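Student: Could you walk me through this structure? I am new to it and would like to ask questions as we go.

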Amino acid sequence: MSDVQLLQEKVGRRDYTVGVIGLGYVGLPLVLRFGEVGFRVIGFDIDPTKIEQLNAGSSYIQHVSGDRVRALIDTRRFEATADLGRLGEPDAVIICVPTPLTEHRDPDLRYVEKTADAVAATLRRNQLVCLESTPYPGTTDEIVLPRLEARGLRVGEGFFLAFSPEREDPGNAQFDTATIPKVVGGVTADCLALATALYSEAIKQVVPVSSTRVAEATKILENVYRAVNIALVNELKIAFERMGINVWDVIEAAKTKPFGFQPFYPGPGLGGHCIPIDPFYLTWKAREYGVATRFIELAGEINSGMPAYVILKLMEALNERGKALKGARVLVLGAAYKKDTDDSRESPGLEIMEGLFHKGAKVDYSDPHLPRLPMVRRHKLDLTSVNLTEASLRHYDAVLLVTDHSRFPYDLIHQSASLIVDSRNAFRARGFTGSHVVSA
Ligand SMILES: NC(=O)c1ccc[n+]([C@@H]2O[C@H](COP(=O)([O-])OP(=O)(O)OC[C@H]3O[C@@H](n4cnc5c(N)ncnc54)[C@H](O)[C@@H]3O)[C@@H](O)[C@H]2O)c1
């Protein structure tokens with residue numbers, strides 16, 4: 001029996017330990033899933049507060065229940081640690097660290113590089129290393145592989161290396177880690193076979209592909225597809241509005257076509273760790289090959305202009321009422337970038353709030369998922385969420401809806417606010433209209 005067959009058998013018998021590095025939105029659900037299907041799991045993170053919370057049986061991510069963490073702790077098959085010196089313990093190491101952009105919008109692979117160095121430092125025979133962080137095509141081969149091979153072991157013989165893109169969709173009630181099909185590419189055939197065997201135990205459908213580069217490019221395609229289509233409807237929103245046509249009505253009608261059309265919706269701008277960032281990983285890499293990624297650049301330009309467009313719409317609506325934005329009291333509804341989540345990374349809400357501040361508005365925000373604004377990249381707003389009551393709402397010259405959380409009291413807001421500027425069509429979709437409701 002070959003080494004890989006023996007390892008596959010160990011996986012099948014659960015005589016196999018899975019290590020996950022980076023216990024964020026992607027890593028934590030993965031830890032829970034592998035633990036829940038019977039593997040011993042070790043979670044690694046450099047953030048000591050996360051480690052403490054997990055070991056105490058609680059969760060720091062709103063849509064991941066503390067009960068699941070507690071139940072896993074109780075099995076005694078899970079522990080979290082900040083000690084990267086223990087990376088040699090698990091049989092498989094799955095890397096889920098951030099892949100952001102630098103200030104100049106170039107890929108910032110420092111987290112991946114540091115993690116690959118840490119894995120290399122303890123790499124042992126037969127270990128499987130799998131990268132899940134979103135990279136540009138070639139990252140596994142060019143960044144991770146040389147660091148691991150520098151230790152003397154050869155890929156496909158001494159150790160195994162694969163890439164499997166994460167497709168987590170926080171807040172999606174229909175799909176979760178177990179049911180979202182998982183694309184996997186291996187550096188060699190044995191790498192692919194072992195990674196496929198491992199993921200197949202935890203995930204309903206595994207999709208093996210011909211190389212790590214195909215798997216990496218798949219993730220980029222998925223995110224570019226979203227970025228471009230969202231840009232398209234954002235552009236159409238502006239064009240249709242000038243013609244007196246409501247773009248949401250148009251999309252509702254178009255989506256009755258049973259083939260060849262998938263609805264995307266306009267909004268105040270892109271947010272989160274994926275869509276605003278990942279396409280630019282490809283743009284950067286394509287330059288190396290002398291190729292321009294014009295669709296990506298154009299989509300980026302349109303989407304990143306949306307926060308300014310929303311501010312302009314607010315300014316016009318105030319102007320109609322004889323008010324200037326400067327000095328106006330504005331309440332922004334929603335700081336998370338996505339409906340019903342607490343994730344404010346790259347959130348257009350934060351950008352809009354900063355833009356309003358710079359224009360002299362007196363800004364507050366309300367978000368049932370974010371009681372206080374976290375300090376995130378580029379934004380330094382120190383605010384706490386306003387409780388929505390008739391009196392608090394009456395205090396503002398305008399309410400600006402950025403994120404259409406289900407928990408907002410739309411009826412109360414509609415009754416109490418003197419002006420509502422809605423960038424999500426949330427009020428109209430619920431039947432709340434009137435001259436004080438303006439679409440943005
Ligand atoms: N959030 C999503 O919905 C989503 C979806 C698909 C793909 N992704 C990709 O998955 C990757 C991770 O994203 P995320 O949203 O989970 O990020 P996150 O910020 O929520 O979590 C990353 C974690 O890694 C930890 N970390 C950073 N450096 C580390 C190191 N050297 N060693 C150990 N831990 C370290 C951080 O403390 C943090 O807990 C990114 O590449 C992202 O593009 C995210």
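Student: How many bridges join strand E5 to strand E6, and do they run parallel or antiparallel?

Tutor: Four bridges join E5 to E6 (residues 160–163), and these strands run parallel. Helices (H or I, at least four residues) and strands (E, at least two) are DSSP runs, numbered from the N terminus, and two strands pair if DSSP finds at least two bridges between them. Please keep in mind that this is a predicted model: local features need pLDDT of at least 70, side-chain atom pairs count only at pLDDT 80 or more, and totals for chains, interfaces and linings use all residues. Residues are numbered from 1 along each chain as its sequence is written, and side-chain values use heavy atoms, with hydrogens and water left out.

Student: Which residue stands opposite cysteine 130 in E6?

Tutor: That is alanine 162. Alanine 162 also has a bridge partner in E7, namely glycine 186. E6 and strand E7 (residues 182–186) pair in the antiparallel sense, over two bridges.

Student: Which helix goes with E5 and E6 in a β-α-β unit?

Tutor: Helix H6 (residues 139–149) does, and the unit is right-handed. Right-handed means that, with the strands pointing away from the viewer, the path from the first strand over the helix to the second runs clockwise. E4, helix H5 (residues 110–122) and E5 also make a right-handed β-α-β unit.

Student: Are the faces of E5 covered or open?

Tutor: Both are covered: Leu128 and Cys130 on one side, and Val129 and Leu131 on the other, are all buried. Here buried means under 20% relative accessible area, exposed over 50%, and partly exposed in between (1.4 Å probe, protein chains only). In E6, Phe160 and Ala162 point one way and Leu161 and Phe163 the other way, and all are buried.

Student: Changing topic: how many salt bridges does the count come to?

Tutor: The count comes to 30 salt bridges, each being a side-chain nitrogen of Lys or Arg within 4 Å of a carboxyl oxygen of Asp or Glu. Side chains of opposite charge can pair when their charged atoms come close. One of these salt bridges joins arginine 124 and aspartate 91, at 3.2 Å from N to O.

Student: Where do arginine 124 and aspartate 91 lie?

Tutor: Arginine 124 is in the loop between H5 and E5, and aspartate 91 is in the loop between strand E3 (78–81) and E4, so the pair ties together parts that are 33 residues apart in sequence. Arginine 124 is partly exposed, with a relative accessible area of 27%, whereas aspartate 91 is buried at 13%.

Student: What does lysine 285 form a salt bridge with?

Tutor: Lysine 285 forms one with glutamate 142, the closest N and O atoms being 2.8 Å apart. Lysine 285 lies in helix H10 (residues 278–288) and glutamate 142 in helix H6, so this pair ties together parts that are 143 residues apart in sequence. Lysine 285 also meets glutamate 288 in a salt bridge, at 2.9 Å from N to O. Those two are three residues apart in H10, and therefore separated by about one helical turn. Asp141, Glu142, Arg213, Lys285 and Glu288 are linked in a network of salt bridges.

Student: Is lysine 285 buried or exposed?

Tutor: Lysine 285 counts as buried, at 4% relative accessibility.

Student: What about the chain as a whole?

Tutor: Its secondary structure comes to 16 helices and 13 strands. Of its 440 residues, 54% count as buried. The C-alpha trace spans about 80 × 50 × 40 Å along its principal axes.
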